[in-house]
Amino acid sequence: LIVSPPISVNKYPIYKEADINSEIIYEAGDDENFTVIEETADWYKISLKNNTDGWLLKSFVKSKLTEER
């Protein structure tokens with residue numbers, strides 16, 4: 001996955017839980033790549049570089065698979 005920017009935002013919160021009220025554990029920058037390990041209706045659970053997992057809202061994401069179609 002590649003993080004796709006909403007208008008005028010350069011950082012994208014990665015949450016501890018699939019809930020925007022949970023703790024932000026990382027801020028992803030434009031064009032960072034992540035491995036998806038789980039998916040819900042609105043969220044991707046991703047593997048972070050520090051060997052932890054976090055949750056990213058799907059609305060922030062651009063998939064390589066959808067880009068190639």
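Asn 51 is found in the loop that lies between β5 and β6, where helices (H or I, at least four residues) and strands (E, at least two) are DSSP runs numbered from the N terminus. The model is a predicted one, in which local features need pLDDT of at least 70 and side-chain atom pairs count only at pLDDT 80 or more, whereas totals for chains, interfaces and linings use all residues. Residues are numbered from 1 along each chain as its sequence is written, and side-chain values use heavy atoms, with hydrogens and water left out.

The phi angle of Asn 51 is near 65°, a positive value in a residue other than glycine. Most residues other than glycine have a negative phi. Asn 51 is exposed, with a relative accessible area of 75%; here buried means under 20% relative accessible area, exposed means over 50%, and partly exposed covers the values in between, with a 1.4 Å probe and protein chains only. The turn that contains Asn 51 belongs to a hairpin formed by β5 and β6, with five residues between the two strands.

Across the chain as a whole, one helix and seven strands were assigned, and they follow the pattern β-β-β-β-β-β-β-α when read along the sequence. The mean pLDDT, which is the predictor's confidence in each residue on a scale from 0 to 100, is 82 for the chain, and 75% of the residues reach 70 or more. Among the elements, β6 has the highest mean pLDDT (95), while helix α1 (residues 64–67) has the lowest (56). Where pLDDT is low, the predicted coordinates should not be read in detail. Of the 69 residues in the chain, 33% are buried. The chain exposes about 4700 Å², of which carbon and sulfur atoms supply 46%, as computed by the Shrake-Rupley method with a 1.4 Å probe, only the protein chains shown counting as cover for residues.

The strands β5 and β6 run antiparallel and are joined by five bridges, two strands being taken as paired if DSSP finds at least two bridges between them. Within this pairing, Trp 43 stands opposite Leu 57 in β6, and the bridge partner of Ile 46 in β6 is Gly 54. Strand β5 also pairs with β4, again in the antiparallel sense, over four bridges, and a hairpin of three residues joins β4 to β5. On this side, Val 36 stands opposite Ile 46 in β5.

Lys 45 lies in strand β5 (residues 43–47). Not counting residues up to four places away in sequence, Lys 45 touches Thr 35, Val 36, Ile 37, Glu 38, Asp 53, Gly 54 and Trp 55, a contact being defined as heavy atoms within 4.5 Å. The C-alpha atoms of Lys 45 and Trp 55 are separated by 4.5 Å, although the two residues are 10 residues apart along the chain. Strand β6 (residues 53–57) is largely enclosed by the rest of the structure, because four of its five residues are buried.

The largest nonpolar core has 14 residues, and those with the most contacts inside it are Ile 14, Ile 46 and Leu 56. The elements that give two or more residues to this core are β2 (11–15), β5 and β6. Such a core is a set of buried Ala, Val, Leu, Ile, Met, Phe, Trp, Tyr and Cys residues joined through side-chain atoms within 4.5 Å. Strand β2 is mostly covered, four of its five residues being buried, and it pairs with strand β3 (residues 24–29) in the antiparallel sense over five bridges. In β3, the bridge partner of Pro 13 is Glu 27.

A salt bridge, defined as a side-chain nitrogen of Lys or Arg within 4 Å of a carboxyl oxygen of Asp or Glu, is formed by the side chains of Lys 58 and Glu 39 (2.6 Å, N to O). The pair links distant parts of the chain, with Lys 58 in the loop between β6 and β7 (61–62) and Glu 39 in strand β4 (residues 35–39), 19 residues apart. Lys 58 counts as partly exposed, at 23% relative accessibility.
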